[in-house]
Amino acid sequence: MKQQTELTDPELLRLMLSGDEEAFTLLYRRRHSSIYRFALQMCGSQQVAEDVTHDVFLFLMRDGQAFDPARGSVSSFLLGVARNYVLRRFRSEHSTVPLGEDEDDQPFDPVTNEPGPLDDLTRAETVDNVRKAVLSLPERYREVVVLCELQELSYVETAEILGCAIGTVRSRLHRARALLLTKLRPIEDAELTSSPAVESARCFA
Amino acid sequence: MNCQRFESVAADLARGRMMEADVRNEALAHSKACQPCALRIQDEEMLTRGLRTLVQEMTSIEAPASIEADLLKAFRQPRAATVPLRAKTNTSYRRYWLTAVAACLLIVFSVLAVRWRSEKVVDGESAKNQATPEKKVTVPPQKEVRNEEQIASNPTRPKPRRKRQFTNASALAKAQGRQNDNVLNHASSEVATEFMPLGYLNPSVLQDGGQIVRVEVPRATLANFGIPVNMDRYNERVRADILVAVDGTPRAIRFVQDKRLQ
């Protein structure tokens, strides 16, 4: 007979639903960190991430029967539930996200103050800037970046979680990366395009 | 490879995702030859590095242990709480289902009732239609003239004016009596021509019975049957009885006039 640590997620879920506490503990320990990180990367708030993680596993206890192995893995199922809770939070309290979607096209201040490219930044600054840039993305782009880039899921898994086509995931990721580059690109490029010389030239024109 | 094609694979190239070897080699060759694409792939690689740095930084992040403790507490205790919650959900769903089923049943019964009523009406009409040819009796509303002697021997009674059909002998006899009374009334107050055939008339057709229908026709119609027409009253109408066979074909016509006008 298999030990519980060797059991797959669906098997653990089945045991958990039949009341096996150990199976629940094992499943939680296997999956809670990805759920927590996903919520944290999406919201930028530890409190919200904790609440979402708690709600996701409460949902699993109550409505775990809703999981359909034919539609994806347990991990994808849990991330899908987490996404729904996160989006619900966004709709109920818009102030959770520190940077609004209105600032999409504006360069991100901490980065724009830096003279060099990304690889010249220190590691801590890089992490902070990238994290803020991701949080500043619109929801539909942010979730794709979080899932594909930060959770390192495949396009197929991401499409399962988001309930959309793989092509949609690819196009959103492409657009999201372009937005991130715009936010993280040094300010010099923007300054060159809006230099006084150019303005005066346009005035003479 | 051109720049547009390169743009579509730049992100995958920078992320180190699996792709066809030919495409990868072509993209790398293009980035060496094309300065803007070289900068593009450089940006993508920097972004990828930044994202991976963030991933590495967050790898060690986990939810607080208090969440696990809370969930375990909920897992041990909530059977009572969870079950009612689910039961409540089921009840609400059951209510919707019951409403939907009741609505469907109502619709089905309504449709069946309407169909049953329409079929009943159709059956009644078809029964009447079947009964009529067997008896071969259709009593005209008023003025069927059959036998002058019989007309003369019957007493005068008030006349019903509605067209009626009868299915048994006693009713038929009563109807004939009433009809003859009507005819007598008219016969006493009207003068009429003989029936004149409308086209070729096989006398055997009339033996199957028929109806006499009172109509009004233009006075000019008289000329078609060789009857002289007063041109001063050319635009007026004149009454006529049309003998209609059982198949609905008009077979003969006679013209009628009040005695008082004669």
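Let's start inside chain B of this predicted model, where α1(B) and α3(B) make a right-handed crossing. The two helices span residues 3–15 and 35–59, and their axes come within 8 Å of each other, crossing at roughly 25°. Angles under 35 degrees count as roughly parallel, so that is how α1(B) and α3(B) run relative to each other.

Who does the touching here? On the α1(B) side you'll find Cys3(B), Phe6(B), Glu7(B), Ala10(B), Ala11(B), Leu13(B), Ala14(B) and Arg15(B), while α3(B) brings Cys37(B), Arg40(B), Ile41(B), Glu44(B), Glu45(B), Thr48(B) and Arg52(B). Sorted by class, that contact holds eight nonpolar residues, six charged and one polar.

Glu44(B) pairs up with Arg177(A) in a salt bridge, with the closest N and O atoms 2.7 Å apart. Across the interface of the two chains, the rule finds five salt bridges. Chain A puts 45 residues into the contact and chain B puts in 39. Together the chains bury about 3900 Å², and carbon and sulfur atoms give 64% of that area.

The crossing is right-handed. From α3(A), Glu50(A), Thr53(A), His54(A), Phe57(A), Leu58(A) and Met61(A) meet Ile67(B), Asp70(B), Leu71(B), Ala74(B) and Phe75(B) of α4(B). By class, this contact of α3(A) with α4(B) comes out at seven nonpolar, two polar and two charged residues.

Methods:
Residues numbered from 1 in each chain as written. Chains lettered and ligands numbered in written order. Predicted model: local features only at pLDDT ≥ 70, side-chain atom pairs only at ≥ 80, totals over all residues. Heavy atoms only, no water. Axes fitted to C-alpha atoms, helices over the stretch in contact; angles between N-to-C directions. Helix = DSSP H or I, 4+ residues; strand = E, 2+ residues; numbered from the N terminus. Parallel < 35°, antiparallel > 145°, perpendicular 65-115°, else oblique. Left-handed = near helix turned anticlockwise from the far one by under 90°. Contact = heavy atoms within 4.5 Å. Nonpolar A, V, L, I, M, F, W, Y, C, P; charged D, E, K, R; others polar. Buried area = accessible area lost by both parts, 1.4 Å probe. Salt bridge = Lys/Arg side-chain N within 4 Å of Asp/Glu carboxyl O.
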